[in-house]
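Me: Could you walk me through this model, one question at a time?

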Amino acid sequence: RTEERRGGTSSSVDSSPAAAASSSSSETLARIDALVRRILPLIVATIDDRSWRVRWTAASKFAGVVRAFAPLAGAMDALVPAYEKLLQDPEAEVRTAATFNLSEVAGTG
């Protein structure tokens, strides 16, 4: 820890490796959070796509999406309703793809 004097006041600056790592971790988490806020809505939007093939692809890859996003706070709040839509899709192929992932998706959350 070092003491710095600026303009007649002193401030304490922690220059230890642990403080640097903590700061770096905080910055990384903030970047990940910002990325999730940008990407998650795009992923969820594929579930509402007009093309059943796009929805089928989303359904078939959904377990991987859940594995990637489950550890992040709030992600499951967006993913669960999206998955429910896939399970109720008007196209049988989409529902089937979603159903094949059901046990894996349920085990992740």
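This is a predicted model: local features need pLDDT of at least 70, side-chain atom pairs count only at pLDDT 80 or more; totals for chains, interfaces and linings use all residues.

Residues are numbered from 1 along each chain as its sequence is written, and side-chain values use heavy atoms, with hydrogens and water left out.

Me: What share of the residues in the protein is buried?
Reply: Buried means under 20% relative accessible area, exposed means over 50%, and partly exposed is in between (1.4 Å probe, protein chains only). The protein has 109 residues, and the buried share of them is 20%.

Me: Where is aspartate 89, and is it buried or exposed?
Reply: Aspartate 89 sits in the loop between helix H4 (75-87) and helix H5 (92-100). Its relative accessibility is 6%, so aspartate 89 counts as buried.

Me: Which side chain makes a polar contact with the side chain of aspartate 89?
Reply: A polar contact is a pair of N or O atoms within 3.5 Å; within protein, one must be able to donate a hydrogen and the other to accept it, and residues adjacent in sequence count only if both atoms are side-chain atoms. A polar atom of the aspartate 89 side chain lies 2.9 Å from the backbone nitrogen of glutamate 91. For a side-chain partner, at 2.6 Å, the name to note is arginine 55.

Me: Which residues does aspartate 89 touch, not counting those up to four places away in sequence?
Reply: Contact means heavy atoms within 4.5 Å. Leaving out residues up to four places away in sequence, aspartate 89 touches Arg55, Val94 and Arg95.

Me: How are H2 and H5 oriented to each other, parallel or antiparallel?
Reply: Axes are lines fitted to C-alpha atoms, for helices over the stretch in contact, and angles run from 0 to 180 degrees between N-to-C directions. Angles under 35 degrees count as roughly parallel, over 145 as roughly antiparallel, 65 to 115 as roughly perpendicular and the rest as oblique. Helix H2 (residues 52-60) and H5 pack at about 10 degrees, with axes 8 Å apart. H2 and H5 are therefore roughly parallel.

Me: What are the classes of the residues in the contact of H3 with H4?
Reply: Phe62, Val65, Val66 and Phe69 of H3 meet Ala75, Met76, Leu79, Ala82, Tyr83 and Leu86 of H4. Ala, Val, Leu, Ile, Met, Phe, Trp, Tyr, Cys and Pro count as nonpolar, Asp, Glu, Lys and Arg as charged, and the others, Gly among them, as polar. The contact of H3 with H4 therefore divides into no polar, no charged and ten nonpolar.

Me: And how are H3 and H4 oriented?
Reply: Helix H3 (residues 62-69) and H4 pack at an angle of about 170 degrees, and their axes are 10 Å apart. H3 and H4 are therefore roughly antiparallel.

Me: What is the orientation of H4 to H5?
Reply: H4 and H5 pack at about 130 degrees, with axes 7 Å apart. Tyr83, Leu86 and Leu87 of H4 make the contact with Val94, Arg95, Ala98 and Thr99 of H5. The angle makes H4 oblique to H5.

Me: Which residue has its backbone oxygen 2.5 Å from a polar atom of the asparagine 101 side chain?
Reply: Asparagine 101 lies in the loop between H5 and helix H6 (102-108), and asparagine 101 is buried, with a relative accessible area of 9%. Among the residues that asparagine 101 touches are Ser60, Phe62 and Tyr83. The backbone oxygen in question belongs to alanine 59.

Me: Last one: is valine 80 buried or partly exposed?
Reply: Valine 80 lies in helix H4. With a relative accessible area of 40%, valine 80 is partly exposed.

Definitions and conventions
Helices (H or I, at least four residues) and strands (E, at least two) are DSSP runs, numbered from the N terminus.
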